[in-house]
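Keep the structure in view as you read.

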Amino acid sequence: MSSPAVAYARENHPRFLNELKDLLRIPSISTLPENKADCRRAAEFLLAELTHIGFEHAKLLETEGNPLVYADWLHADGKPIALFYGHYDVQPTDPEDEWLSPPFEPTERDGNLYGRGTCDDKGQVWAQIKALESLMAANGKLPINVRVLLEGEEEVGGEGIEAFVASKPPELKSDFALVSDTELFAPGLPTLCVGLRGMIYTELEVRGAKTDLHSGMYGGAAPNPFVAIAQIVAKLKDEDGHILIPGFYDGIIPPSPEELAAWSSLPFDEEHYRLTEVGSRTLVGEAGYSVLQRTWARPTLDVHGIPGGFIGAGAKTVIPAKATAKVSMRLVPGMTPAKTFALYKDYVEKIAPAGVDIEVRLIHSGDPCLVRVDNPYIQAATTALREVWGQETVFIRSGGSIPIVGDFDRNLGIPSVMMGFGLPDDNIHAPNEKFHLKNFELGIESIVRFLEEAGK
Ligand code: BES
Ligand code: MN
Ligand code: MN
């Protein structure tokens with residue numbers, strides 16, 4: 001391989017890394033209203049960089065929430081158009097005191113860069129942009145046409161980008177999408193992700209008495225919303241992890257025998273996963289399905305938090321008037337957010353105990369997706385990855401969700417190449433998120449080589 005762009009990327013790596021750190025210092029947490037201005041600052045930072053590397057039509061596209069960032073370079077006549085996608089928003093940082101270095105002070109330690117957004121997804125967005133810079137700087141042009149579309153609300157459901165993509169704007173006319181927001185199956189193992197779970201994120205509000213009450217005076221007579229939530233939650237899943245909502249599993253499309261066979265030959269050690277990634281006494285879940293099947297191809301239900309009531313230090317004897325439970329479900333092919341939400345809502349309304357009023361709300365949702373692999377871009381990607389990583393690519397699914405990927409297929413009619421460079425232990429959404437520096441470097445080279453292959 002003698003690619004001037006790869007040589008440029010290697011020479012400029014220290015600068016690339018310093019620039020990424022500047023982006024990471026912006027606390028663009030999309031779910032917190034107080035960080036709204038920071039999200040816009042991150043968008044402007046990316047916009048300026050895209051202009052700086054020679055992209056055109058660079059603009060912020062306003063949505064009801066955080067802006068989208070768009071830019072293009074369309075001078076490779078007769079060559080395909082790639083749509084680069086990533087997100088600049090990040091997750092909150094709690095629990096704060098578990099971070100070994102502050103979340104928004106990117107810090108290098110033992111071959112990794114630590115900080116919120118290093119892996120999910122600013123580090124990967126920066127790898128995309130630095131690959132484009134390397135190609136432009138080394139050759140004065142790109143081997144194919146590229147549009148860049150970055151969003152700032154992926155972590156909260158991505159409604160703004162969804163509406164934009166659904167309007168099928170001419171700016172998005174492309175042949176395929178390059179999505180850099182996933183991970184390698186194992187360190188050093190080049191990976192393409194070909195399926196994501198969908199999700200519905202809901203809130204269950206339970207109200208009992210008209211106001212908070214003294215638990216001695218009224219305990220025994222007044223309904224307790226927290227107990228009601230516990231009773232409802234206990235009826236959502238049985239001990240084997242089977243979800244009890246009637247009709248929940250109807251219509252699920254299982255993976256093909258070939259896909260299952262491929263998964264069983266992946267280098268996966270369940271005990272190692274339990275100990276090093278999960279760190280619990282045992283794993284849980286549906287009997288008869290492997291861990292990879294359970295996390296990639298089976299739906300699930302989780303409770304994220306039950307805010308409300310007394311959570312201060314010490315004791316307060318109160319029967320709270322109200323409690324809320326944040327509950328999400330991950331969906332697999334054959335399931336839709338609308339149908340699943342309706343089934344969940346009906347069931348919860350039916351099983352709610354006497355004495356409380358409940359309200360079931362949908363916060364956001366996204367469809368599951370499987371991407372098409374019968375296209376020349378997947379081919380070009382595996383060729384590039386083989387060269388950069390020295391190994392054959394594995395095809396995996398992921399249990400996570402990136403709501404817009406399904407819409408690229410449904411609304412724009414294009415396949416996605418999900419080429420991401422995170423690692424399973426990168427602690428995304430958790431304290432001490434990191435990005436392996438070698439993966440940042442090889443990620444840039446992979447994208448450079450991928451575009452060169454796609455332009456052949
Ligand atoms: N990048 C992740 C999704 C992901 C994680 C893909 C690991 C592959 C491997 C993305 O940023 C994410 O966290 N998505 C949210 C989406 C949701 C809020 C709609 C998720 O999966 O919880
Ligand atoms: Mn992400
Ligand atoms: Mn995420």
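**Metal site and cysteines**

Along the chain, the donors of the manganese ion (ligand 2) are spaced as H-x32-D-x60-D. The model is predicted.

**The manganese site**

- His87 (NE2), Asp120 (OD), Asp181 (OD) and Asp181 (OD) coordinate the manganese ion (ligand 2). These contacts span 2.0 to 2.4 Å.
- The site of the manganese ion (ligand 2) has 6 donor atoms. The angles among them run from 57 to 163 degrees, and the site is irregular.
- Asp120 forms a bridge between the manganese ion (ligand 2) and the manganese ion (ligand 3). The two ions lie 3.6 Å apart.

**Where the two aspartates sit**

- Asp120 is in the loop between strand E5 (112-114) and helix H4 (122-139). Asp181 is in the loop between strand E7 (176-179) and strand E8 (191-196).
- The pair therefore ties together parts that are 61 residues apart in sequence.
- Asp120 has 7% relative accessibility, so Asp120 counts as buried. Asp181 has 12% and also counts as buried. The cut-off for buried is under 20%.

**The cysteines**

- The whole structure was searched for disulfides, and 0 were found.
- Cys119 is in no disulfide. Its nearest cysteine sulfur belongs to Cys193, 13 Å away. A disulfide needs two cysteine sulfur atoms within 2.5 Å.
- Cys119 is buried, at 5% relative accessibility.
- Cys193 is in no disulfide either. For Cys193, the nearest cysteine sulfur is that of Cys369, at 7.6 Å.
- Cys193 counts as buried, with 2% relative accessibility.

Technical notes. Residues are numbered from 1 along each chain as its sequence is written. Chains are lettered from A and ligands numbered from 1 in the order in which they are written. This is a predicted model: local features need pLDDT of at least 70, side-chain atom pairs count only at pLDDT 80 or more; totals for chains, interfaces and linings use all residues. Side-chain values use heavy atoms; hydrogens and water are left out. Donors are N, O and S atoms within 2.8 Å of the metal (3.2 Å for Na, K and Ca); water is not among the atoms, so sites may look incomplete. Four donors count as tetrahedral if all angles lie between 85 and 135 degrees; four count as square planar and six as octahedral if opposite donors are over 155 degrees apart and all others between 65 and 115; anything else is irregular. Helices (H or I, at least four residues) and strands (E, at least two) are DSSP runs, numbered from the N terminus. Buried means under 20% relative accessible area, exposed over 50%, partly exposed in between (1.4 Å probe, protein chains only).
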